[in-house]
Amino acid sequence: MRIATAMEGVHYVLHAPQGDTYADLLFTMIERRGKRPPVTYTTFQARDLGKDTAELFQTATREAYARFKPQAMLVGASCTAELIQDDPAGMAQTMGLPCPVVALELPSYQRKENWGAAETFYQLVRTLADKDIRPTPREGRRPRANLLGPTALGFRHRDDVIEITRLLTTLGVEVNVAAPLGATPADLARLGTADFNICLYPEIADTACRWLEKTFGQKTVRTVPIGHAATRDFIAEVAALAGVDASAALDTSNLPWWSRSVDSTYLTGKRVFIFGDATHAIAAARVARDELGFEVVGLGCYNREFARDIRDAAKLYGVEPLITDDYLAVEEAIQALQPELVLGTQMERHIAKRLRIPCAVISAPVHVQDFPARYSPQMGFEGANVLFDTWVHPLVMGLEEHLLTMFRDDFEFSDASGASHLGHGSAPAVQRHAQPEPTPHNDAPLKVEVAVSEPIHDLPVAATGWSSEAEKELLKIPFFVRGKARRNTERYASEQGIAAITLDTLYDAKAHYAR
Amino acid sequence: MRERGQREVFCGLTGIIWLHRKVQDAFFLVVGSRTCAHLLQSAAGVMVFAEPRFGTAIIEERDLAGMADCNEELDRVVDRLLTRRPDIKLLFLVGSCPSEVIKLDLSRAAARLSVKHAGVTKILNYSGSGIETTFTEGEDACLAALVPDLADDTSDLMSLMIVGALPDVVEDQFLRLFAELGITTVHSLPARRAGAMPPVGPNTRFLLAQPFLGETARALEDRGAVRLDALFPFGAEGTTNWLHAAATAFGIDEMHFRRVIAPGRERAKRAIAHSAERLAGKRITFLPDSQLEVPLARFLATELGMQPVEVGTPYLHRRHLAQELALLPAGTIISEGQDVDRQLDRVRAARPDLTVCGLGLANPLESEGLTTKWAIELVFSPIHGFDQAGDLAELFARPLRRRDVLKV
């Protein structure tokens, strides 16, 4: 459906029971499409079971063709229809429809959504691409590339296509066909006229790209341009294939300077856990470590088809790869690793919220708020800007919350004063004590606070041999390094066989760990 | 008019979303495919993250191979589930299209597992599959499965049963009203806890709170209970009529009845009046969704002066809706079933002021310039009774008001 809905002039007849139309609303609500997805469901019911369903399928197909007059049709079976023995492919072929009909075999008890999308796109390309056409000679024209992979319900696909098209235009490369998003069957027919392909989203386009390589000898650009450095690599790869000058497009994003500015120093070594589809997760890990200075402590994906890529990437960061579609396993991993930032999907957002860890969304599946009205690509230089803002924002706010906790005894930050940006568990803004009213000129925004639980390492540890003097001294250390100081001191004490931690132990430990 | 063709409706599994909130120690285990899980996830939105009391046992390739395996597998899943959630007192095995098609006998499985977990968890089954149920019919199938299991009512006194899952706030309002009227024994089906399901017998009189409970009504009648015919309790008039049916059956004095309901009835009328100006004279079409369409069209027509153009319903229970249908203005097209493309052609031709439809159709119709009200909200919001009548009218007035205030 994501492929059919992405394209124009394609209609999909899905042999499916009543109720499966629920999938429509993913497109009309989450993506806010103003058109019904081009899908006809046969919606068979119990009374139709038997011979009737085959007839139902043929009627539905005939009527769908008559009403929508598509340039090409897709036919397939849903999980239930797979079990009843009608053969949509065979039936559609015998009907002699006056347009190409692509029959899909999507084994729904084995495979999942991304695989279905990739297979559908591949089958369409294979059926519709005109195998006899080749690029015209290069003299006197700009190099041409196909942009493959963007679909309906894709995470930021709309804006990524705009951003990458802009980048290619700057390089002097022409987009021959962008598909499936916005393409027609006629567009797919002329895929062969491009000089090379750009595999924007491997989850969707990889199978088709391989076939195009084999059939037309088109080379494929495989760098996914998410992040500043990856975008530069992408430009270099495109420039080499197209024989154009890369420097034309090597303008920079704001990311490098934003990241170098002293305001970002505190980001250094922040422990980040990354999970999503393999492509976005791998790209995010590179940005996290190399461009923001985070420490990647966990990396994983939910799509097994790309498990190998995740394993390879995980080696780069020295972490254990996590390949699972069980969100409880992800939750366990996050709990065990205690990261300071989670980059993930909608599910990880909820997990992080429950565990009170800052989080940003980097991959599908996502909810309606991640199909924003504003321009917000993930790819290219503007995409890098978006990444910086999106990822750092929850952290800045996280720091802010710590400060609020630290100063919670100050009347400006009265405990009962209400919600923070995170929203959960917030109390209404009410005055707890009989505090002096804020003076009228004190118009600073009302700082409010949730009763944030102290970070774990900050909890008072009862069962240690801290002397009260050392304990008091520890409290003088700024809160954001206090936990580390406590841990180091205790480790030092146990290594040295010291039972009672005194003021001296504290400073001995400090000296021991000083670099 | 009756239609067959592509139906743009939910399947009965969706009922789980509100049923599991109502019966607090019940768990709903769907036996189905990834599609079923995906549907519940999409329909339940953020609820899936709150450790909900429903889940899907996903049928995989190897389960399709042989039957014995399937049952063993199911037993294993149920055992694990009940170990993990010992608070579960009632477990529904919910059939889906795949489980129906492969003829997995969930009723036998439920009986087998009930014996195994006897004394702790009761295990029942019903079908919420799309091939057998449409949206709210899932609740009907669930409640009907509960009925054979209800205790016998051995009391000599007449008791009243309110049938249909209502939000707690609405249920409490009704219970207060019946108490004031002097009807002493009033139960709800479903009850809020598995252990508190009402008894049933020849002395049971029941009022349907929802129009989609055909099977449940039949099952109750099989146990000797008697249905009280009434309008459904939407709006001031519908609620009055519904309460009155009970009052008459229980021999409540007419003057006393009037006195008890007067304050609520007056409040309802005042609240409805806020939306009346915006809705009066406006033309409305309902596409089939929940079977609430006919009573709601009646409410909008008789109390707010709207003109129903077409009232579509997935299934028309003529006997339960007889009084409702009689009150619809002459000339209203009643359509049962659906051929969605043809029906949309009719909507486009009639261009009603408001179209009530599912979320798969709402945005596309809006983008064609037709104002819509999405139908599912009518199932999830408290809309029954006097004190919700104003909110109910407002649900229909809001999209029209929004259309008028937007300047973009």
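The following questions and answers set computed values against the definitions of the terms.

Q: How do you know which residues and atoms the values refer to?
A: This is a predicted model, in which local features need pLDDT of at least 70 and side-chain atom pairs count only at pLDDT 80 or more, whereas totals for chains, interfaces and linings use all residues. Residues are numbered from 1 along each chain as its sequence is written, chains are lettered from A and ligands numbered from 1 in the order in which they are written, and side-chain values use heavy atoms, with hydrogens and water left out.

Q: Why is A:T5 called buried?
A: Buried means under 20% relative accessible area, with exposed over 50% and partly exposed in between (1.4 Å probe, protein chains only); A:T5 has 6% relative accessibility and therefore counts as buried. The residue belongs to helix 1 (residues 2-6) of chain A, where helices (H or I, at least four residues) and strands (E, at least two) are DSSP runs, numbered from the N terminus. Leaving out residues up to four places away in sequence, A:T5 touches A:F27, A:R33, A:P37, A:P38 and A:A152, contact being defined as heavy atoms within 4.5 Å.

Q: Why is B:L39 called buried?
A: B:L39 counts as buried because its relative accessibility is 2%. B:L39 sits in helix 2 (residues 34-44) of chain B, and, when residues up to four places away in sequence are not counted, it touches A:Y22 as well as B:F10, B:C11, B:L13 and B:T14. The C-alpha atoms of B:L39 and B:L13 are separated by 8.4 Å, although the two residues are 26 apart along the chain.

Q: What makes the pair A:R36 and B:E8 a salt bridge?
A: A salt bridge requires a side-chain nitrogen of Lys or Arg within 4 Å of a carboxyl oxygen of Asp or Glu; in the pair A:R36 and B:E8 the closest N and O atoms are 3.3 Å apart, and the pair forms a salt bridge. Across the interface of chain A and chain B, the rule finds five salt bridges.

Q: How much area do chain A and chain B bury between them, and which residues of chain A lose the most?
A: Buried area is the accessible area (1.4 Å probe) that two parts lose on being put together, summed over both, and for chain A and chain B it comes to about 3800 Å², 56% of it on carbon and sulfur atoms. In chain A, the residues that lose the most area to chain B are A:Y22, A:R36 and A:Y109, together 20% of what that side buries. In terms of contact, 42 residues of chain A meet 42 residues of chain B.

Q: What makes a set of residues a nonpolar core, and which residues touch the most other members of the largest one?
A: A nonpolar core is a set of buried Ala, Val, Leu, Ile, Met, Phe, Trp, Tyr and Cys residues joined through side-chain atoms within 4.5 Å. The largest such core has 108 residues, of which B:F28, B:F92, B:Y126, B:F178, B:L220 and B:F396 touch the most other members. Its largest share, seven residues, comes from helix 16 (residues 389-405) of chain B. Apart from it lies another core, of 93 residues, including A:V39, A:L104, A:A183 and A:L299.
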